[in-house]
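Hi,

Here's the structure I said I'd pass along. Have a look first, and my notes follow below.

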Protein chains: 2
Amino acid sequence: VRRGAAPKPAFTRLDHDTRRAQLVERGLRLFAKRPYDEVSMEDVAGELGISKGLLYHYFPTKRDLYVASLGEAARDLLERTDLPTGDPGTRLARGVDAYLAYCADHAPAYIALMRGGIGSDREVGRIVEKVRTTLITRILGGLALPAPPPRVRIALRGWIGMVEAATLDWVQHRDLPRDEVRDLLTEWLVRSLAGAELRPRPGHR
Amino acid sequence: VRRGAAPKPAFTRLDHDTRRAQLVERGLRLFAKRPYDEVSMEDVAGELGISKGLLYHYFPTKRDLYVASLGEAARDLLERTDLPTGDPGTRLARGVDAYLAYCADHAPAYIALMRGGIGSDREVGRIVEKVRTTLITRILGGLALPAPPPRVRIALRGWIGMVEAATLDWVQHRDLPRDEVRDLLTEWLVRSLAGAELRPRPGHR
């Protein structure tokens, strides 16, 4: 049984960070639902129940909020697709499935991002690139190939590009069940790696 | 034998368009050699041998020149990769080879574009998308599949994403001969389409 609330702490660094994190999380939800251009700072403040002045204190521009939200989305996506247990094939399929589910849940934001719309600059590019390199590092870890030969590196880069383009098409049309897209993407990785690595080489088969 | 030059025509619409086309072509060469951020309007005017004022008359901002150059590059790329004769396999391989050659010749511009750097907005997005849809329409024409089923459409979109990502990696590293990259990309299209279309379906094989 609680006897009265604990005294409310003074404004601290933690409060600032906690509040900022809340704003980022709500921003992410807003940008996921509506195109960037249609989200105004006024809307954001209204939906978050804070003053525009306070919002600007945390994020001087809408782009700042967008970039912070995108960074959060990237962390979230990498966490959900990180499945350390199970055999490599199962982990890959489950990872691809989690990727597709996340992109479908954040379709407007994913479409805007991949179409290279507003807010697509170096900072955004760095966040997108971080996701790609993390995914590639995980796959290479599963292949026990820390330093891949050029053909494998190009195949993995190509496959990530394929996942992004296929996902963009799928979230716009939604005319194929998610598990079929997952199976296509998973098979394509296996086929791409087979094409890149398992072909006969001079001197050995 | 010419007897003296024809009288110089007055300033006409053609002159304006011809001059503009020249500026676009030189702009394309500049952006192909150096990153966008390192190209100033002053440099452009200097290299083109015209005044900054005249350059601004044709292109009010550097972005305008960039977008015009990119549009020109897209037309150029689509023309070079359009090989209407020969069997589909040969045309595909030659088209991919021309694509790789063009991107290698314009590597700094291709890298900036694909990394979503400066200038990556809706206008740029439309130019990039036009290239993709044209390439896909050509492949579908070769397959005699004007209205592809979802699996094939997603496979083609995915393959274009793969070509872009693999090319971006390759022009940055150049550690594989062009014909090997060409063969990888060509094989991947065949494999992707095989995965998308040629699998057994319920009711028939």
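**Where the two chains meet**

Let's start with one pair: A:D175 and B:R153 join side chain to side chain in a salt bridge, at 2.8 Å from N to O. Bear in mind that this is a predicted model.

Which elements of chain B give two or more residues to the side that touches chain A? They are α7 (122-143), α8 (150-173) and α9 (178-197). Of these, α8(B) gives the most, with 15 residues. Sorted by class, that side of chain B has 14 nonpolar, nine polar and 13 charged residues.

Now for the contact as a whole. Chain B brings 36 residues to it and chain A brings 36 residues too. Between them the chains bury about 3000 Å², with 55% of that on carbon and sulfur atoms. On the chain B side, the residues that lose the most area to chain A are B:R151, B:I154 and B:R191, which together make up 18% of what that side buries.

One last thing to look at is the tryptophans. The largest nonpolar core has 128 residues, and A:W159 and B:W159 touch the most other members. If you skip the neighbours within four places in sequence, A:W159 is in contact with A:L92, A:V96, A:I139, A:L185, A:W188 and A:L189, and also with B:M162 from the other chain.

Cheers

Key. Residues are numbered from 1 along each chain as its sequence is written. Chains are lettered from A and ligands numbered from 1 in the order in which they are written. This is a predicted model: local features need pLDDT of at least 70, side-chain atom pairs count only at pLDDT 80 or more; totals for chains, interfaces and linings use all residues. Side-chain values use heavy atoms; hydrogens and water are left out. Contact means heavy atoms within 4.5 Å. Buried area is the accessible area (1.4 Å probe) that two parts lose on being put together, summed over both. A salt bridge is a side-chain nitrogen of Lys or Arg within 4 Å of a carboxyl oxygen of Asp or Glu. Helices (H or I, at least four residues) and strands (E, at least two) are DSSP runs, numbered from the N terminus. Ala, Val, Leu, Ile, Met, Phe, Trp, Tyr, Cys and Pro count as nonpolar, Asp, Glu, Lys and Arg as charged, and the others, Gly among them, as polar. A nonpolar core is a set of buried Ala, Val, Leu, Ile, Met, Phe, Trp, Tyr and Cys residues joined through side-chain atoms within 4.5 Å. Buried means under 20% relative accessible area, exposed over 50%, partly exposed in between (1.4 Å probe, protein chains only).
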